[in-house]
Amino acid sequence: MQAWVIGNWKQNPATSQDVNILLDDLLANVAKKDQTTSEVSNRCQLMVAPSFIHLAAVSACLKDSSILCAAQDISAHSPSTGAYTGDCSAQQVSDTGAKWTILGHSERRQYHQESQDCLLQKMTHAINQGIGVVFCIGETQTQYDVKETLQVVDEQLSVIKALLAQQPDSANLLAERLIVAYEPVWAIGTGKVPTVEEVSKTHQHIKQTVAGFADSLGSMTVLYGGSVNADNADSFAADAMIDGALVGGASLKADSFLAIANAFDRASL
Ligand code: PEP
């Protein structure tokens with residue numbers, strides 16, 4: 001199975017100049033490694049998600065490269081245009097050349113009170129506009145402490161079930177355009193990580209759950225996210241249930257981002 005390593009740049013870098021430096025670094029290192037070693041190859045698909053203000057420029061810059069580009073969110077209100085100040089639609093994202101969007105990141109759920117209904121709207125608009133979705137789910141520290149992880153992910157995954165109930169014909173489309181990222185909220189940006197065994201069990205549960213929604217979702221890509229770095233990536237990559245990583249902090253430096261990609265690349269050998 002192809003691994004995915006996705007960089008969520010969040011509200012970074014600060015300036016277009018810094019974005020260009022990061023992109024130049026990424027592209028130079030990907031090209032260098034492709035030429036001199038077999039370390040980074042097609043076994044690991046790279047993708048980066050810049051902020052909306054940088055999306056069109058990054059997308060244009062990556063157009064002829066092997067690195068894909070994603071938005072970090074899309075509007076729930078309209079798939080195309082409308083009076084929704086501050087929003088960006090799936091159609092507008094698509095127009096930049098970006099082919100994917102992250103949805104349901106815990107920071108969006110926390111700071112923008114994104115509900116299940118809101119995420120269903122967003123996912124519907126994305127899929128109908130041909131935008132792939134990296135759907136983030138995961139429990140808080142409190143929920144982890146009282147062992148509610150599987151209950152929480154089941155509740156969050158019900159958005160996919162609801163989409164299929166509304167549009168049964170989208171099952172095959174979802175199989176190609178939906179990735180689940182399991183991100184325990186308490187592990188994001190904290191340096192704390194669950195054990196690989198815990199992640200593996202949760203991923204197995206996620207894979208079984210979505211396969212129960214539709215046969216075509218039987219081989220769903222499930223990524224782990226939360227304080228993945230160059231030092232711990234090998235241990236996550238070694239587990240067959242972990243198909244890649246969604247990376248925040250460590251995606252802001254080409255070296256650490258590509259070291260994580262290399263770990264997943266080696267593990268798929
Ligand atoms: C994230 O925000 O999706 C994330 C995984 O962040 P970090 O890698 O910094 O924990």
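What follows is a close look at one helix and the barrel around it. How many residues of α11 are buried, and what does the helix lie across?

Modeller: This is a predicted model, where local features need pLDDT of at least 70, side-chain atom pairs count only at pLDDT 80 or more, and totals for chains, interfaces and linings use all residues. Residues are numbered from 1 along each chain as its sequence is written, and side-chain values use heavy atoms, leaving out hydrogens and water.

Start with the barrel. 8 strands close it in the order β1-β2-β3-β4-β5-β6-β7-β8, with parallel pairing. The twist averages 25° from one strand to the next. Strands are DSSP E runs of at least two residues, helices are H or I runs of at least four, and both are numbered from the N terminus. Two strands pair if DSSP finds at least two bridges between them. Strands β1 (residues 3-8) and β8 (residues 244-247) run parallel and are joined by 4 bridges.

Now the helix. α11 (residues 254-267) lies across β1, β2 and β8. It runs at about 150° to β2; such angles run from 0 to 180 degrees between N-to-C directions, with axes fitted to C-alpha atoms, for helices over the stretch in contact (heavy atoms within 4.5 Å). From first C-alpha to last, the 14 residues of α11 reach 20 Å, close to the expected 20 Å. That expected span is 1.5 Å times one less than the number of residues.

Of those 14 residues, 10 are buried, so α11 is largely enclosed by the rest of the structure. Buried means under 20% relative accessible area, exposed over 50%, and partly exposed in between (1.4 Å probe, protein chains only). Among the buried residues are F257, L258, I260 and F264. N262 and D265 are buried too.
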